[in-house]
Amino acid sequence: MARSFGIDTIISYPDFRMTEAFGNRKRLGDKAFFAQCREKIEKGEVWHSGENVFIQMVTYSGHSPFKMPESLKTVHFSNRVPEIMADYMTVAHYTDEAIGKFVEYLKTRPEYERTMVVITGDHEGLADHRKELCHTKAGKGIIPGDEFTPFIVLNSPVPMHYLKVMGQIDIYPTLLNLLGLEKFRWSGIGQSILDPRKPGIAISPKRKIDGDTLHISADELLRMQQSQVISDRIIRFDKLKDLR
């Protein structure tokens, strides 16, 4: 699958030293992960000087149950904060610091001015705990009820703060737009947020519609809700085989 996306090199679990492992699977902590990624870049293993490259880095520390050694914690919370909420914020702070230090390193490289850094997530973090935390005294007003993931772009050629709802399928076409690659052979299945025609809505994994539906017809909303099921059936049952 990676080759189909044009990825020529995968550096994974066996390629890293377990110097700071924790979590339910004892995987490498994000600070050690980013530090070793920096080493690999400086050694020319993944990014040669002056080379145009796409690098995807997948962090792990922010996975449930959000437990980490006391020695690695850089922030602490009152015992009035629910334990799961405190643990989540502690790990999030740890990962944010790791990303921040890595970005500071990137800024020292001559390629930084023409490097776009994208920070996003593959799913929200609190899962079943979110609903209960929203109603606690400590969580009210801090923990949102909606299940969103971050989408932050550094060195974007278009500075903006997008306040509408967008879906994960919209990230790829948005990045193509920002990179000036609108005519790339695969444009994705979403819509760039730079397109003024894009509605500010998204379909959740449970096919719930999030965002402003005021100006969307009922037929279009139904089509969007059904598209996930149809797509799944096309893939699962190879429904395009007759068109080959």
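Colleague: In which loop is Phe66 found?
Modeller: This is a predicted model. Helices and strands are numbered from the N terminus. Phe66 is found in the loop between α1 and α2.

Colleague: Is Phe66 buried or exposed?
Modeller: Buried means under 20% relative accessible area. Phe66 has a relative accessibility of 2%, so Phe66 counts as buried.

Colleague: What is the phi of Phe66?
Modeller: Most residues other than glycine have a negative phi. Phe66 is not a glycine, yet its phi is positive. The value is about 60°.

Colleague: Which residues does a cis peptide bond join, and what is omega?
Modeller: Most peptide bonds are trans. A cis bond joins Ser64 and Pro65. Pro65 lies in the loop between α1 (30-42) and α2 (83-106). For this bond, omega is about 15°.

Colleague: Which side chain meets Asp87 in a salt bridge?
Modeller: Asp87 sits in helix α2, and its partner is in the loop between α1 and α2, 20 residues apart. The N to O distance is 2.7 Å. A salt bridge needs these atoms within 4 Å. The partner is Lys67.

Colleague: Which residues do salt bridges that share partners join into one network with Lys67?
Modeller: Lys67 is partly exposed, with a relative accessible area of 40%. Asp87 counts as buried, at 11%. The network joins Lys67 with Glu83 and Asp87.

Colleague: How far apart along helix α1 are Arg38 and Glu42?
Modeller: Arg38 forms a salt bridge with Glu42, with the closest N and O atoms 2.9 Å apart. The two are four residues apart in helix α1, so they are separated by about one helical turn.

Colleague: Are Arg109 and Glu111 buried or exposed?
Modeller: The side chains of Arg109 and Glu111 meet in a salt bridge at 3.2 Å, N to O. Arg109 and Glu111 are both buried.

Colleague: How many salt bridges does a search of the whole structure find?
Modeller: The pairs above include Arg38 with Glu42, and Arg109 with Glu111. The search of the whole structure finds 15.

Colleague: Which residues does Tyr112 touch, not counting those up to four places away in sequence?
Modeller: Tyr112 is found in the loop between α2 and β3. Tyr112 is buried, with a relative accessible area of 9%. Tyr112 touches Val103, Leu106, Lys107, Val117, Leu154 and Asn155.

Colleague: What is the area of the nonpolar surface patch that includes Ile169?
Modeller: Ile169 is partly exposed, at 48%. The patch is made by Ile169, Leu179, Leu181, Phe184, Trp186 and Ile189. Its area is about 610 Å².

Terms used:
Residues numbered from 1 in each chain as written. Predicted model: local features only at pLDDT ≥ 70, side-chain atom pairs only at ≥ 80, totals over all residues. Heavy atoms only, no water. Patch = residues over 30% accessible without salt bridge, like charges linked within 9 Å, V, L, I, M, F, W, Y side chains within 5 Å. Areas by Shrake-Rupley, 256 points an atom, 1.4 Å probe, with all protein chains shown as cover. Buried < 20%, exposed > 50% of the residue type's maximum accessible area, 1.4 Å probe, protein only. Contact = heavy atoms within 4.5 Å.
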